[in-house]
Amino acid sequence: MKRALGILGGMGPLATVDFMRKVIDLTPAAGDQDHIPMVVASIPQVPDRTAAILGGGESPLPAMLEGIRLLNQAAVDAIAIPCNTAHYWFDELARKSRAPILHIVDAACAVLKERAAGVRTVGFLGTTGMVRSGIYQRRIEAGGYVCLVPEEDHQEKLVMGGIYKIKGGDLAAARGLLERAADGLRARGAGAIVLGCTEIPIVIADGGDVIDATLALAGACVRRFAAA
C-alpha cells in the first residue's frame with residue numbers, strides 16, 4: 001500500500017467526512033489508485049473538548065491518545081485531526097505519536113497570509129473553548145492582523161448554537177445562525193473570516209472573504225503526500 005494519511009476523527013463525524021471529501025477533491029487523480037490511502041479512527045465518544053477547556057467536563061486527552069496509538073499501530077505516515085478544538089492538546093498528542101501530526105491552525109494561517117493581502121482585521125469563528133484558548137488569536141495576530149471574535153452573546157447563541165445544530169443534523173438552522181455571526185464580525189470591520197471549527201464549513205463555504213481551516217488542512221495533507 002502507498003504511504004497512508006491517518007485521521008483522528010469523529011469530533012464530529014460529519015466534519016470528519018467533510019475533511020476526507022476535501023482531501024479527495026484536492027488530490028490530482030485520474031483513477032482510484034492515484035488517491036491518498038486514509039486510515040480513519042472516527043471516535044465520536046471522545047468527551048466534549050469545549051466542556052473540558054472551560055473546566056466542567058471530562059478530559060478528552062486519554063481517548064484521543066488511544067486514537068493516536070491506533071493510527072500509529074497502522075503505520076500511517078502523518079496524522080490529521082479535523083477538529084480545531086482538539087488542537088488545545090496538540091503538544092501532548094504530538095509527543096506520543098511516531099507519525100508527525102499536521103497542525104490545522106498553522107495550515108489555516110498560511111492560507112490567510114496568501115489570501116488576505118491588504119486585510120487588516122480578521123474575524124474568527126470557532127468553539128468557545130477555542131476562543132478561550134487564544135490559539136487562533138495569537139497566531140493570527142503574529143501575522144500582523146487584528147483578530148476579532150464574536151461578542152459573548154453571539155458566541156453562545158449564534159456560534160455554539162449553530163455548531164450544535166450541525167451536530168444534531170439541523171443544517172438549515174445552523175447556516176442561518178452562523179451566517180449571522182459572520183455578518184456581525186464583518187459589521188465590526190473584519191475583512192476576512194477564518195472558520196476555525198470543522199463543523200462550520202459544512203454550512204458556510206470557503207471563498208471570497210471566508211477561509212475554511214478544514215480545506216486548509218486538507219491542502220496541507222495533499223501537498224505533503226505529493227512531495228514525498
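This is a predicted model: local features need pLDDT of at least 70, side-chain atom pairs count only at pLDDT 80 or more; totals for chains, interfaces and linings use all residues.
I started with aspartate 206: its relative accessibility is 28%, so it counts as partly exposed (between buried, under 20% relative accessible area, and exposed, over 50%; 1.4 Å probe, protein chains only). Residues are numbered from 1 along each chain as its sequence is written, and side-chain values use heavy atoms, with hydrogens and water left out.

Where does aspartate 206 sit? I found it in the loop between strand E6 (192-195) and strand E7 (210-212); strands (E, at least two residues) and helices (H or I, at least four) are DSSP runs, numbered from the N terminus.

Next I looked up its partners. Skipping neighbours within four places in sequence, aspartate 206 contacts Arg115, Ile211, Asp212 and Leu215 (heavy atoms within 4.5 Å). Its side chain makes a polar contact with the side chain of arginine 115, at 3.0 Å (a pair of N or O atoms within 3.5 Å; within protein, one must be able to donate a hydrogen and the other to accept it, and residues adjacent in sequence count only if both atoms are side-chain atoms). A polar atom of the aspartate 206 side chain also lies 2.9 Å from the backbone nitrogen of aspartate 212.

Then I turned to helix H3. I listed its buried residues as Leu61, Met64, Gly67, Ile68, Leu71 and Asn72. They cover an arc of only 135° around the axis, so they lie on the same side of H3 (the arc uses directions from the helix axis to the C-beta atoms). On the other side of H3, I noted Pro62 and Gln73 as exposed.
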